[in-house]
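Work through the exercises below with the sequence and the structure open beside you. Try each task before you read its solution.

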Amino acid sequence: MNRILRGIDPGAGAPALASLLALTTLLIVMSAGAAQAASQTAAQAPGQAATQGVVQAPNQPAATAATAATAPTAPAPTSPHDRGDTQGFRFQIITGDESAVTHRIAEDLYKRLVPTFAAFRTELAQKRRMLYIAIGPTALRDALSRRCDCVVISAYTSSQVWRTLTSRQSQAQTRQRRPAITAIYAEPAPSDQMRLAALLYGRPVRVGVLLGPDTAFLRPVLHDAAEVQMYSPGEDLNHTLNSMTRAEMLLALPDSDIYNAENVRNILLSTYRRKQGVLGFSSDMVKVGALATTYSEIEDINAQVAEIAAHFVGTGELAEPQFPRYFRTIINEGVASSLDLRVTDAARNFARRAPATP
């Protein structure tokens, strides 16, 4: 699984220019991950789930979330397709691989979701509406292929890949068979990144952003806080970068047309030479030469997933796709020093922590 959400502290001795060049391989692999995930075949086996539709977390017995519940059936909002039949909700966590990180995500999610769904009686299992949690792009593709009156919450997938997959699926399915879907994107919220930039420089900063055809939809999210340059595959990337004369920093967004194996090294070198810091879209990018980023740990994303699920079960309203709500900050102190930046504790401690698990 893409390690986009894993925090790695580069330490005080971050790489200088020579080390930066030696370490770009890791960034190239990570940056190309979104494109690779989007092009994976549907033949990849999704993770195994319990027979009742609730994920069997590692080292836990198979059971529905309602098995141990004694509370009466909770009232549940229904859609026009199932009004009068649905008596509650059940959930299933869908995974796309068997890695240790994926198992950790699924196990933590299971524990967070059980309290929300435990109020619905076991004997009504077949009349409960299904809510799928899709971990990563492969799992999202699997969930979208299911023709049902169900709900899908996508996590650990970038906004670019999510939009690509959901657009394709909406064209292939009729409205009646299309799941209701929302997402928590894998990359940091641009608004939080902009705030971090101001903290790093101690003042408002003009930030530049490169957008390609598949990420142009993010332009309204950036508002007027950034200098946006559009880039099309095949264009001269150096010319595009050099045209961003007013930008003091570059905000990187996961776009496989821009941050790929052919371009990443060039982007890092070009911005470094112009004394422009790069706000990465993962902690791994900071490890190999970006200046800083906000990032979310597994527990941060899972807490937000559980909040969205609980809100839907309680109100029948599905939240809009959104960026991570909870985050921490990682800074490459060596790169900051090279850019003549004095990093403050306010920047280092910039965070929005998830509520503690009861």
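**Exercise 1.** In this predicted model, describe how helix α4 and helix α12 pack: what is the angle, and how far apart are their axes?

*Solution.* Two packed helices are described by the angle between their axes and the distance between the axes. Begin by locating α4 at residues 100-117 and α12 at residues 298-315, and then read off an angle of about 30° and axes that lie 9 Å apart. Because angles under 35 degrees count as roughly parallel, α4 is roughly parallel to α12. As a further step, note that the crossing of α4 and α12 is right-handed.

**Exercise 2.** Determine how many residues of helix α5 are buried.

*Solution.* Take α5, residues 137-144, and apply the cut-off that buried means under 20% relative accessible area. The residues Pro137, Thr138, Ala139, Leu140, Arg141, Asp142, Ala143 and Leu144 are buried. That is eight of the eight residues, so α5 is largely enclosed by the rest of the structure.

**Exercise 3.** Describe the phi angle and the surroundings of Lys275, and then do likewise for Asp340.

*Solution.* Most residues other than glycine have a negative phi. Lys275, however, has a positive phi, near 60°, and lies in the loop between α10 and β8, where Lys275 is partly exposed at a relative accessible area of 47%. Asp340 likewise has a positive phi near 60°, and this residue is found in the loop between α13 and α14. With 66% relative accessibility, Asp340 counts as exposed.

**Exercise 4.** Is Gly277 buried or exposed, and which residues is Gly277 in contact with beyond its neighbours within four places in sequence?

*Solution.* First place Gly277 in strand β8, and then use its 1% relative accessibility, at which Gly277 counts as buried. Leaving aside the neighbours within four places in sequence, Gly277 is in contact with Tyr201, Glu248, Met249, Leu250, Leu291 and Leu339. Finally, consider Val335, which is 58 residues from Gly277 along the chain, while the C-alpha atoms of the two are separated by 8.0 Å.

Methods: Residues numbered from 1 in each chain as written. Predicted model: local features only at pLDDT ≥ 70, side-chain atom pairs only at ≥ 80, totals over all residues. Heavy atoms only, no water. Axes fitted to C-alpha atoms, helices over the stretch in contact; angles between N-to-C directions. Helix = DSSP H or I, 4+ residues; strand = E, 2+ residues; numbered from the N terminus. Parallel < 35°, antiparallel > 145°, perpendicular 65-115°, else oblique. Left-handed = near helix turned anticlockwise from the far one by under 90°. Buried < 20%, exposed > 50% of the residue type's maximum accessible area, 1.4 Å probe, protein only. Contact = heavy atoms within 4.5 Å.
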